[in-house]
Amino acid sequence: MPFDFKQAYRALYQPGNRPSIVTVPSMQFIAVRSHGNPNEDGSPYKAAIAKLYGIAFTLKMSDKTSHAIPGFFQFTVPPLEGFWWQEGMDGIDFS
């Protein structure tokens with residue numbers, strides 16, 4: 001059965017109804033950096049996300065080919081996560 005990040009790290013992906021402190025373990029990710037409106041056709045951000053998912057699913061299906069990736073394990077592609085910021089702002093405004 002494929003490894004499911006949402007199930008293995010339930011506290012991170014399905015938080016409770018009340019605020020709590022969670023410990024996030026060290027993890028590795030594939031990531032893209034871009035800009036623009038994700039809802040606009042042709043935006044650099046939308047193109048970057050398409051590439052990100054293309055890479056994720058290529059890795060996921062790599063065991064079906066003759067190319068073996070050392071340390072590979074079956075996994076479910078986790079949900080997209082994003083960090084957003086606004087030009088000219090320092091830090092994070094949680095208000």
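Buried means under 20% relative accessible area, exposed means over 50%, and partly exposed lies in between, with a 1.4 Å probe and protein chains only. The model shown is predicted, so that local features need pLDDT of at least 70 and side-chain atom pairs count only at pLDDT 80 or more, while totals for chains, interfaces and linings use all residues. Residues are numbered from 1 along each chain as its sequence is written, and side-chain values use heavy atoms, with hydrogens and water left out.

**View 1. Valine 24 in the loop between H2 and H3.** With a relative accessible area of 52%, valine 24 is exposed. Valine 24 and tyrosine 9 are separated by 15 residues in sequence, and their C-alpha atoms lie 8.9 Å apart in space.

**View 2. The whole chain and its elements.** The protein has three helices and zero strands, where helices (H or I, at least four residues) and strands (E, at least two) are DSSP runs numbered from the N terminus. Read from the N terminus on, the order of the elements is α-α-α. The radius of gyration, taken over C-alpha atoms, is 17 Å, well over the 12 Å that the globule rule gives for 95 residues, so the protein is more spread out than a compact globule; the rule itself is 2.2 Å times the number of residues to the power 0.38. Along the principal axes, the C-alpha atoms fill a box of roughly 50 × 40 × 20 Å. Of the 95 residues, 12% count as buried. The accessible surface, from the Shrake-Rupley method with a 1.4 Å probe and, for residues, with only the protein chains shown counting as cover, comes to about 8500 Å², of which 58% belongs to carbon and sulfur atoms. Among contacts (heavy atoms within 4.5 Å) between residues at least 6 apart in sequence, 38% join residues at least 24 apart.

**View 3. A nonpolar patch on the surface, formed by Ile30, Ile55, Leu59 and Ile69.** Together these four residues have about 290 Å² of accessible area. Patches are made of residues with over 30% relative accessible area and no salt bridge, with nonpolar side chains (Val, Leu, Ile, Met, Phe, Trp, Tyr) joined within 5 Å and like charges within 9 Å.

**View 4. The salt bridge between aspartate 41 and lysine 46.** Side chains of opposite charge can pair when their charged atoms come close. A search of the whole structure finds one salt bridge, defined as a side-chain nitrogen of Lys or Arg within 4 Å of a carboxyl oxygen of Asp or Glu. In this pair the distance from N to O is 3.3 Å. Aspartate 41 is exposed, with a relative accessible area of 70%, whereas lysine 46, at 35% relative accessibility, counts as partly exposed.

**View 5. Aromatic rings around phenylalanine 75.** Rings of Phe, Tyr and Trp (its six-membered ring) pair if their centres lie within 6.5 Å, and planes under 30 degrees apart count as stacked, over 60 as edge-to-face and the rest as tilted. By this rule the count comes to six aromatic pairs. Phenylalanine 72 and phenylalanine 75 form an edge-to-face pair, with 6.3 Å from centre to centre and 65° between the planes. The rings of phenylalanine 73 and phenylalanine 75 have their centres 6.3 Å apart and their planes at 70°, so this pair is edge-to-face. Phenylalanine 75 is buried at a relative accessible area of 12%, while phenylalanine 72 at 27% and phenylalanine 73 at 43% count as partly exposed. Ring pairs link Phe3, Phe5, Tyr9, Phe72, Phe73 and Phe75 into a cluster.

**View 6. Serine 62 and phenylalanine 72 in the segment after H3.** Serine 62 counts as buried, at 9% relative accessibility. Leaving aside residues up to four places away in sequence, serine 62 touches His67, Ile69 and Phe72, and phenylalanine 72 touches Leu59, Lys60, Ser62 and Asp63. Phenylalanine 72 and alanine 48 are 24 residues apart in sequence and, from C-alpha to C-alpha, 24 Å apart in space.
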